Amino acid sequence: MAPPAGDVSRELQESIRRALGRPRIHLLLRARLETKPRRLEERILALTAWRLHLFGPTAPAKAEGSLSVLEIRCISATSPTQVRLDTERGPLALALATPAAAACLARELGAALGRALPCAPPVWTLPPAPPLDTSPTSESSASSGPSVCGGFSDTYAALCDYNGLSCREEVQWDVDTLYHAGERRCFDLRDFSHLESRELALAVAALGYNRWFRGLCCRDLRLSSEVQAQVLHAVRRSPALEELILDNVGLNTDFASRLATALAAHPDPPLRCLELPRGPLGDKGLAALSQRFLGLPGGLRRLRLPHCSLGARGLAALGRALGTNPAFRSALQLLDLGHNPGLLGSPHGADLFAFLAQPNALLHLDLASTDCALDVLFGALLHGCCSRLSYLNVAGNSFCHRKTREVPPTLQQFFCSTFALSHISLAGVRLPPDALRSLLQGLAANTHLSDLHLDLSGCELRSPGARVLEELLGGISAVGSLDLSDNGFDADLLTLVPALGRNKALKHLWLGKNFSVKARTLEEILHKLVQVIQEDDCSLQSLSVAESRLKARTCILVNALGSNACLAKVDLSGNFMEDMGAKMLAKALQINSTLRWVGGFTGGSGVVPPPRCHLWSHGRSLIWDRNNTTAVGFQDIARAMESNHTLTFMALPLCDLTAAYRSAPERTDTGWQQIQWCLLRNGRGPKVPPEQVLRLQRGIVTSTAEQMLCRLSGRVQAAARGLRGHPGAQRDLAEAQELLREARNARALFPSLAALGPAGAGAGPLQLLLQGVAGDVAKAVDKELEVLLEALLGRAAELCPRATAAGVWPGGAWLGGAPRPRPPLPPGLAPGALLERAGEEIREQLGEVQLALVTSLTQAVVAELLRELRRVHQALAQHLQDPRSPQGQEPSNSTDEELGIDVMQPKGFWVLPLEDAPTLQRHRRCCRRTRPPSAFMGQSEGLESPSPPRSSEGDAKPHPLHFRAPEAQAVGGSPQEEGFGRLPPTVPPYPQEHGCSPGLEESATPEAGSPGVEWAGLPSPQTPPPQAPPRLGAWPLQSCSNEGGGGAIPEAPPTAPTGEGFPRRWNSGRGWWGSRVVLGCWRGSGVFLKRCGMLEASLAGTSDRSRQLPPPKPQRRQRAHSCDKADAGPGPGGGGEAAEVL
């Protein structure tokens, strides 16, 4: 700033300052103004930041006019003391007192213009002045150095002053602080959407004179005509504007033509990215732009024109421009013409296909919903896009415009030859089975691809497509993400789901909107899906069954999530599982250690980057919106999250949360806040405690095998006791004794192994090494700080030697004798970073590896012991059959079916081969991982458990994971088999000591811990039950032959009353033998239990129990409660025993 002239009195200076108010005065001079030819009048010149003011020569100061520095077009000197200013309003001649004053005025005006328009050329014609000293020690360095963000704030302030508007300091602060700190080179108009139209237009106009910003972006904000005009001004004037993104901003119909004119007016347009989605360009606008594309020397890198109402004429012009300008073949990387209906349905697309058939640099191609014929497109892509194309979206098109069943070989050749493809979307394309086969065969033969996202949603594949997928999908290793939602598979999922599980390269799977089947089939499908995700070698990391309306049956899948070790993201949204489903989900979250995300993920086409393709890379998730969850469900999830230490993200269930907040705002807010707090804790705090992981792993993986080992050991021990003194069994007895000793030791194998290794060692080699490294790093950090301090002091002494001359050196005094500052790093930084962070992470990973090794070793040892014990048991059983043995039969209280083995091989059993023992053990472990179905599933919708799997031909076939019981086996077994009812609470279980002796010799009594029976005969809910008659005795079991096979429930006797529900499941408690009859079936064995409360035959003492009585009068009884309340446990009244009828 030049000091004010000495001939201006102090009184006049103060008067001018009061007249100007806030602006700071940079220059104050006395000059003479030429008002008329050869007539000069004295004036006072006051120069502020962006305006030159004229005042009268006397006090009080009177403003006579002002001039914005942006009005100046040229500054020239007619004499050493005269300066001529050419402005928009005419010339202005000024005569100053001295040549120095004239030079000072010209220099200050030129500096103001340079700050306002940093990209504009100089406007003065004065003799060149000596270069200013801009070194850090110079006085002029503060004003002449580059401004923040290329001087945007100065340009914006000058434009506001030029247009007579007040400068918004918030705009300057946002740019100088937010954009500069984040290195954001794209000016986003949404950050300033609150401004008025004229103010926003000035901010856009400032970009035309700025070299720092590289792009202009605006999405979903309607721009006025003033702002659109300034956008075109920025394109025409800016020397650095490379990106122009205007998405859904309400462009005028002639905007494209005006944009082409602006590009033509620029001598060297820097534009490299043009995106105008959802703008009314039309054929006329695209043709005008295509004409300008011919003159772009560098071409475009990105061109996006979706939803622009383009037609054949504009497409033809664009195709000619792309093919004529050779720069596009090497520069264009993204081309998006999607969602322009009918664009490629005419012959005018030949030029575009010709461009695609030439070698090019395309990485991203989007032609969705353009009526493109895929058979023609893939022929062009085969010749020009195989080497670099990574994203291809052709959703919503037709495969062929001709009525032909032939599939061109170019489809298979393209997918066999492509090198870089990572995302292919064929959503909504009705693919013929042969086209799908060619596609999959091409991917199977491709050895270059991996982790490909294949979107086949909405393709109406149905049964033919399912068969093709079952046949070919298992041999494809290139597909990592597969979207099969909304394809009408329905019942075909019974065979498709296992085929998907056999593909070990598949990581992400979408299966939503494919479950429009009956209840029984739906449950079978979900159980097969659970079986796939519970396999030890399952590769799936994410699973989506969104919008499938599974309702209460969603819990079949939810119950398998608790101990699932592979899934990291699950989408359960849109299934209406309600609060009970949320409760089951809460139970699963309490022990789950793999899920990281809970939230909604939806995909969409035509968005860059594609969200469905890249959403999976954001951690582990669970999506559960649109399930009719109330405040109770959110509170259940909140309580479960207190025990979950791994879930880090949960997408906002907006629909359910809004509805729950309307009914119970306080409880909903409390639950959701608790969930968010737990998510924040999981993101920062420790993971699952190792003790919990060990308990969970042992309880799920090894406890079942240990139980099998204990039971088989008991049988071997019982057989050995029966062979004491047998002369030919001494060798087998010695081997059995040794195996029994190892079996006892195997029970402590898992905790013993888990206590060893790095997870259990307090001061192992890793810890010692980390401590030593931490000490070395601490010394290195101290040395680095010393070196840094030396450099800082040296630089300070170089720049400010006078201020740092007073002994500010290492070991000396600080400024003003103050003590030397301590480095700001906290003490113990290196040990904390290594031991607490890196060491903890390494120990956690080592703990997971150790747990896997311990589990594998324990399983291998127990499996080998089971094999040896079974072999020895078979040998001892053969000795027991010897007439010379002290005992002809083995006394055992265990059943063969519970162990999954059969020593004596009774009639009706399916014998597990010796080599399939690991299969049995794996099945037991998978069953233990899956939570049993809850009681509400049978009450809310009458759900039925799936029947054992059948072969593909439909006949009943033994399955390695399902066993048949002997024909005369006592009542017991799993409650998940078909044909089970529920035990009413008014009917106490029948104690075992009162009868129910087996009718056949090979029947066995289930253990007390075995699952109980689900009973038919639900009483009606209207009235309480009548008083129970006196008990007269027990009825024996009667074996019902079932030659039809499969253990299905036989039809009622001819004299039995038939009613609704009787022919299939007998859901009534009214029988034909007496007052009430309870019917039960165990695992399809054909065994029925029939008891009567009062029978005249029993009163008469007769032994003929086959005499039939007329049916009693129907009675109304109490509604049954949950089946969980009916299972009273082992012993009298427990599950697994016969039921007593009142």
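Colleague: How many residues lie between β1 and β2 in their hairpin, and which residue in the turn has a positive phi?

Modeller: The general idea comes first. Strands of a sheet pair through backbone hydrogen bonds, either parallel or antiparallel. Strands (E, at least two residues) and helices (H or I, at least four) are DSSP runs, numbered from the N terminus. Two strands pair if DSSP finds at least two bridges between them. Now the case here. Two residues separate β1 from β2 in the hairpin, and Arg38 in the turn has a positive phi of about 60 degrees. β1 (residues 27–36) is joined to β2 by nine bridges in the antiparallel sense, with Arg32 opposite Glu42 in β2.

Colleague: What kind of model is this, and which pLDDT limits apply?

Modeller: This is a predicted model, in which local features need pLDDT of at least 70 and side-chain atom pairs count only at pLDDT 80 or more, while totals for chains, interfaces and linings use all residues. Residues are numbered from 1 along each chain as its sequence is written, and side-chain values use heavy atoms, with hydrogens and water left out.

Colleague: In what order do the seven strands of the open sheet stand?

Modeller: The order is β4-β3-β2-β1-β7-β6-β5, with antiparallel pairing. β4 (63–68) and β5 (72–79) are the edge strands, each pairing on one side only. Direction ignored, neighbouring strands of this sheet are turned by 35 degrees against each other on average; for such angles, axes are lines fitted to C-alpha atoms (for helices over the stretch in contact), and angles run from 0 to 180 degrees between N-to-C directions. Within the sheet, β2 (residues 39–47) pairs with β3 (residues 51–55) over four antiparallel bridges, and Leu47 has Leu52 of β3 as its bridge partner. On its way to β7 (residues 90–96), β1 makes three antiparallel bridges, one of them setting Leu33 against Leu94 of β7.

Colleague: How many aromatic pairs are counted?

Modeller: Rings of Phe, Tyr and Trp (its six-membered ring) pair if their centres lie within 6.5 Å; planes under 30 degrees apart count as stacked, over 60 as edge-to-face and the rest as tilted. The count is 15 aromatic pairs. Phe152, Tyr156, Tyr179, Phe187, Phe192, Trp212 and Phe213 are linked into a cluster by ring pairs.

Colleague: What span should helix α29 have, and how far apart are its end C-alpha atoms?

Modeller: The expected span is 1.5 Å times one less than the number of residues. For the 35 residues of α29 (residues 765–799) this gives 51 Å, and the end C-alpha atoms are 51 Å apart, which agrees. The buried residues of α29 are Gln767, Leu770, Ala774, Leu789, Leu793 and Ala797.

Colleague: Where is there a cis peptide bond, and what is the phi of Ser369?

Modeller: Most residues other than glycine have a negative phi, and most peptide bonds are trans. Ala59 and Pro60 are joined by a cis bond, with omega about -5 degrees, and Pro60 is in the loop between β3 and β4. Ser369 has a positive phi, near 55 degrees; this residue is in the loop between β14 (364–366) and α13 (374–384) and is partly exposed at 26% relative accessibility. Asp486 also has a positive phi, about 55 degrees, and sits in the loop between β18 (479–483) and α17 (493–501).

How values were computed. Buried means under 20% relative accessible area, exposed over 50%, partly exposed in between (1.4 Å probe, protein chains only).
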